[in-house]
Amino acid sequence: MPDLVDSPEEWPVVATADLHRDGWVVALRADQVQRPGHPDEEPFRRLVVEHPGAAVVLAVDDDDRVLCLRQYRHPARTRFVEVPAGLVDVAGEDPLDVARRELREEAGYAAERWTHLASTWASPGISAERHHLYLARGLREVDRSDFVLEHEEAEMEVFWAPFDDLVAGCLAGRLTDAPLVTAVLLAQARGLAGSGAGPWERRK
């Protein structure tokens, strides 16, 4: 059996063309890809959604409540229960710094302790989007500075939910935002939050 680990690899791209590119977050391109070691084969076309990735924050207080957002997402025509997240759209910026900023701007909180849960690819068959998931503990309220909520964020609801209720909602399929589900279940599996976590884990 091969090693159970993802390995970086890059196949030759013999041609590429932009299908859409403007000043917004994402771009769409078409690559002509060559299978390695088979120079006589015709290259095949693959569409790639360019995306800078995002930092996602599972912020849990001392009572094992999670700071949640309820936000409308137009492509899915759904108002999702989510956790704070933001784009890693500044070259060279550490995703942890993005996580700190988003927790402050979206929810008005800062955290003393941060744990990296995972970095996952959202949909690698079509997109370069990557999610950097963090657990934040030791929360305190802070000023949002001059950040102004607008568009969908202007209608966003901020609330607290018991961690174990989120686990139940994820497992029952009532909560379906992928970053939320991934972060919640990773934190539970690692014993970092919820009824399975002891006092020592909650202090981490």
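1. Two strands are said to pair if DSSP finds at least two bridges between them, and helices (H or I, at least four residues) and strands (E, at least two) are DSSP runs, numbered from the N terminus. With that in hand, β8 and β9 run antiparallel and are joined by 11 bridges. One of the residue pairs here is Y109, whose bridge partner in β9 is E141.

2. A friendly word on what you are looking at: this is a predicted model, in which local features need pLDDT of at least 70 and side-chain atom pairs count only at pLDDT 80 or more, while totals for chains, interfaces and linings use all residues. Residues are numbered from 1 along each chain as its sequence is written, and side-chain values use heavy atoms, with hydrogens and water left out.

3. Now the overall picture. The chain holds four helices and 10 strands, and along the sequence they follow the pattern β-β-β-β-β-β-β-α-β-β-β-α-α-α. Taken along the principal axes, the C-alpha atoms fill a box of roughly 60 × 45 × 35 Å. The accessible surface (Shrake-Rupley method, 1.4 Å probe; for residues, only the protein chains shown count as cover) comes to about 12200 Å², and 51% of this belongs to carbon and sulfur atoms.

4. Burial and contacts come next. Buried means under 20% relative accessible area, exposed over 50%, and partly exposed in between, with a 1.4 Å probe and protein chains only. By this rule, 39% of the 204 residues of the chain count as buried. A contact means heavy atoms within 4.5 Å. Among contacts in the chain with a separation of 6 or more, 56% come from residues 24 or more positions apart.

5. Back to the sheet that contains β8 and β9. It is an open sheet of four strands in the order β7-β4-β9-β8, with mixed pairing. The edge strands are β7 (85–87) and β8, each of which pairs on one side only. On average, neighbouring strands of this sheet are turned by 25° against each other, direction ignored; the axes behind such angles are lines fitted to C-alpha atoms, for helices over the stretch in contact, and angles run from 0 to 180 degrees between N-to-C directions.

6. Strands β4 and β7 pair in the antiparallel sense over three bridges, and A54 has L87 as its bridge partner in β7. On the other hand, β4 and β9 run parallel and are joined by six bridges, with A136 in β9 as the bridge partner of A59.

7. A55 counts as buried because its relative accessibility is 0%. Leaving out residues up to four places away in sequence, A55 touches P84, A85, G86, V88, P95, V98, A99 and H132. For scale, the C-alpha atoms of A55 and F159 are separated by 20 Å, and these residues are 104 residues apart along the chain.

8. There is also an open sheet of three strands, ordered β6-β5-β10 with antiparallel pairing. Strands β6 and β10 (157–162) stand at its edges with a single partner strand each, so one side of each has no neighbour in the sheet. Neighbouring strands of this sheet are turned by 30° against each other on average, direction ignored. Five bridges join β5 (residues 65–73) to β6, and the two run antiparallel; in β6, E82 is the bridge partner of L69. Helix α2 packs on this sheet, touching β5 and β10, and its direction makes about 95° with that of β10.

9. Helix α3 deserves a geometry check. The buried residues of α3 are P179, L180, V181, A183, V184 and A187. These buried residues pack against β4 (54–59), β6 (78–82), β8 (109–121), β9 (130–141) and α2 (163–172). After α3 comes G191, which has a positive phi, near 70°.

10. Finally, the cysteines. How many disulfides (pairs of cysteine sulfur atoms within 2.5 Å) does a search of the whole structure find? It finds zero. C68 is in no disulfide, and the nearest cysteine sulfur, that of C170, is 9.4 Å away. C68 counts as buried because its relative accessibility is 0%, and C170 counts as buried at 10%.

Note on methods: Disulfide = S-S within 2.5 Å.
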